[in-house]
Amino acid sequence: MFDDPQSPAWEPLLAAAWAARDHAHAPYSKFQVGAALLTTSGSVFGGCNVENAAYPVCLCAERGALSAAVAAGLQPGGLLAAVVVTDVAELTPPCGACRQALIEFAEKLPVLLANRSARRLHRLENLLPHSFTGGHFR
Ligand code: THU
């Protein structure tokens, strides 16, 4: 299902990501990003980027969505799929920090990148090979 970028299963995630993107606070970059995450309990969490006059304080859409999911009870292993949407021609993969944040919860997470006319599907493990696992903390 989530190995096919054209599957209708993506539609609720795409809708949530576009809806969240409408609320992006991006007055500095003018680059609005939306994200959505589907959990194994069937919940969809949206996120948008939240910028700040102090540029390094900016939050990406993906980590905003992740924070909402964790606050609602997401545990490692509990993510089924992710979507990232922008309306520029070049599809936008998650930044390095967001890849690391997401991989904590699902190594093989299907990540669909989309704009108004195109889609591309990745697996998180391919976007972030050899991630830091923190195994020595456990
Ligand atoms: N941004 C995201 O929200 N997600 C990404 O995957 C890449 C970048 C945001 C951060 C910042 O607000 C703007 O895009 C420009 O970098």
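The legends below describe close-up views of a predicted model.

**View 1. Polar atoms at the ligand.** Oxygen atoms of the ligand lie 2.5 Å from a side-chain N or O atom of Glu-51, 2.9 Å from a polar side-chain atom of Asn-49 and 2.9 Å from a polar backbone atom of Ala-61. Of the 370 Å² of accessible area that the ligand has on its own, the protein covers 79% (Shrake-Rupley method, 1.4 Å probe).

**View 2. Salt bridge between Glu-11 and Arg-119.** The structure holds three salt bridges (a side-chain nitrogen of Lys or Arg within 4 Å of a carboxyl oxygen of Asp or Glu). In the one between Glu-11 and Arg-119, the closest N and O atoms are 3.0 Å apart. Glu-11 belongs to helix α1 (residues 11–21) and Arg-119 to strand β5 (residues 119–123), so the pair ties together parts 108 residues apart in sequence (DSSP runs of at least four residues, H or I, for helices and at least two, E, for strands, numbered from the N terminus).

**Notes.** Residues are numbered from 1 along each chain as its sequence is written, and side-chain values use heavy atoms, without hydrogens and water. Local features need pLDDT of at least 70 and side-chain atom pairs count only at pLDDT 80 or more, while totals for chains, interfaces and linings use all residues.

Key. A polar contact is a pair of N or O atoms within 3.5 Å; within protein, one must be able to donate a hydrogen and the other to accept it, and residues adjacent in sequence count only if both atoms are side-chain atoms.
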